[in-house]
Amino acid sequence: MNLDFLYPILENFNQKDFEEKIKIYQKNLIKFNKVHNLTQIQNIEENIIDSIKILHFFDFTKAKNIVDIGSGAGFPAIFLAFLLKSNFYLFEPNPKKAAFLRTIKIECDLSYLNICKEKAQENKNNIKADVITSRALMDVKPLMQICKDLSSKKTIFILWKGSEIYKELKDLENKKFKIFENGFRRYCILSSQKAT
């Protein structure tokens, strides 16, 4: 896996530590998948790169609280948490997937990673996110709606989408966005701030 693009982006990038955490992740994914069928993803490395490639397009240094919605098997949030020292809150209501994420948190010693075994709209933690991430969970408008108690006017949404993102953004009012393309992936960075 070529991670050279991370060196100019992350000041203290420790490739050895990152790769060790990936090994722990893969070992546990194989173990959990045998029993619980967490994901159908076959090419883990490709999906890891897809998860972290956003670092090439967005600077996370000011993001104190990062919320991931519908975390599933951990793409993209787990891999961002391996690299960033922000507080992460992963919302995953499925008990088996939440247990898997909790195992990764413990085995990788990610004290700043919080697993919330609930839906985002049921959040009772009074968290306000600087950044909300989600990978192909649902259309933009309903996603923003379920995140209303987690977001503020300053919250940035970063969405891993496909080509349908252009259609989804048509109906949004007063939103400022940028889309970065990388192969089939469209990384959408969306702000509630009015475009000026």
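Helix α1 meets helix α4 through Ile24, Tyr25, Lys27, Asn28, Leu29, Phe32 and His36 in α1 and Lys96, Ala99, Phe100, Thr103, Ile104 and Glu107 in α4, where contact means heavy atoms within 4.5 Å. The model is predicted, so that local features need pLDDT of at least 70 and side-chain atom pairs count only at pLDDT 80 or more, while totals for chains, interfaces and linings use all residues. Residues are numbered from 1 along each chain as its sequence is written, and side-chain values use heavy atoms, with hydrogens and water left out. Helices (H or I, at least four residues) and strands (E, at least two) are DSSP runs, numbered from the N terminus.

The axes of α1 and α4 (residues 95–107) come within 10 Å and cross at roughly 155°. Axes are lines fitted to C-alpha atoms, for helices over the stretch in contact, with angles from 0 to 180 degrees between N-to-C directions. The helices α1 and α4 are therefore roughly antiparallel (angles under 35 degrees count as roughly parallel, over 145 as roughly antiparallel, 65 to 115 as roughly perpendicular and the rest as oblique).

On the α1 side, Phe18, Ile22, Gln26 and Leu29 meet Ile44, Ile48 and Ile52 of α2.

Aromatic pairs number 13 in the structure; rings of Phe, Tyr and Trp (its six-membered ring) pair if their centres lie within 6.5 Å, and planes under 30 degrees apart count as stacked, over 60 as edge-to-face and the rest as tilted. The ring centres of Phe18 and Phe82 are 6.2 Å apart and the planes stand at 75°, so this pair is edge-to-face. It joins distant parts of the chain, with Phe18 in α1 (residues 15–36) and Phe82 in helix α3 (residues 77–83), 64 residues apart. Phe18 and Phe82 are both buried (under 20% relative accessible area, with exposed over 50% and partly exposed in between; 1.4 Å probe, protein chains only). Tyr25 and Phe75 form another edge-to-face pair, at 5.9 Å centre to centre and 75° between the planes. Here Tyr25 of α1 is linked to Phe75, in the loop between β1 (65–69) and α3, across 50 residues. Both Tyr25 and Phe75 are buried. One aromatic cluster comprises Tyr7, Phe13, Phe18, Tyr25, Phe32, Phe75, Phe79, Phe82 and Phe100.

Ile69 lies in strand β1 and is buried at 3% relative accessibility. Leaving aside neighbours within four places in sequence, Ile69 is in contact with Phe91, Ala120, Ile132, Thr133, Ser134, Leu137, Leu143, Ile146, Cys147 and Leu150. The C-alpha atoms of Ile69 and Leu159 are separated by 10 Å, the two residues being 90 residues apart along the chain. Ser191 belongs to strand β7 (residues 185–191) and is buried, with a relative accessible area of 11%. Not counting residues up to four places away in sequence, Ser191 touches Thr155, Ile156, Asn174, Lys175 and Lys176.
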